[in-house]
Amino acid sequence: MKNFVQPGDTITVTAPYALTAGDGALVGTNIFGVACGTYANGATDVELKLEGVYDITALSTDTASIGALAYWDNTNKRITTTSSGNTKVGVFVGAKINGDTTARVRLSAAF
């Protein structure tokens with residue numbers, strides 16, 4: 001079909017801030033993905049993965065069970081269990097215990 005652009009599991013955007021491969025990134029208010037490479041703030045042609053399961057930096061004091069909702073704290077650039085003021089990005093697919101600095105999250109649509 002002539003109007004097909006791409007599968008959509010990876011998109012190309014402008015970096016909203018400096019990113020290292022594996023970092024989470026919120027673009028606008030509804031696009032969350034994981035950086036495929038290292039990019040400077042404002043870099044163009046930044047590749048973000050929008051689907052899959054990733055170990056992402058998380059608030060160390062949070063606890064979550066498998067299936068709990070995961071949110072992105074864009075101020076501190078980390079996953080959290082706190083919904084207020086943050087963007088829903090997926091679900092925990094591994095238990096998150098106090099002291100863990102990463103969380104295993106399956107990405108899903110933020111809206």
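In this predicted model, Ile56 is in contact (heavy atoms within 4.5 Å) with Phe32, Val34, Trp72, Ile79, Thr101, Thr102, Ala103, Val105 and Leu107, leaving aside residues up to four places away in sequence. Residues are numbered from 1 along each chain as its sequence is written, and side-chain values use heavy atoms, without hydrogens and water. Local features need pLDDT of at least 70 and side-chain atom pairs count only at pLDDT 80 or more, whereas totals for chains, interfaces and linings use all residues.

Ile56 also belongs, with Leu19, Leu48, Trp72, Ile79 and Val105, to the residues with the most contacts inside the largest nonpolar core, which has 26 residues. Such a core is a set of buried Ala, Val, Leu, Ile, Met, Phe, Trp, Tyr and Cys residues joined through side-chain atoms within 4.5 Å.

One aromatic pair is found in the whole structure. The ring centres of Phe32 and Trp72 lie 4.9 Å apart with planes at 50°, so the pair is tilted; rings of Phe, Tyr and Trp (its six-membered ring) pair if their centres lie within 6.5 Å, with planes under 30 degrees apart counting as stacked, over 60 as edge-to-face and the rest as tilted. Phe32 in strand β3 (residues 31-35) and Trp72 in strand β6 (residues 69-73) are 40 residues apart. Strands are DSSP runs (E, at least two residues), numbered from the N terminus.

| Residue | Relative accessible area |
|---|---|
| Phe32 | 7% |
| Trp72 | 2% |

Terms used:
Helices (H or I, at least four residues) and strands (E, at least two) are DSSP runs, numbered from the N terminus. Buried means under 20% relative accessible area, exposed over 50%, partly exposed in between (1.4 Å probe, protein chains only).
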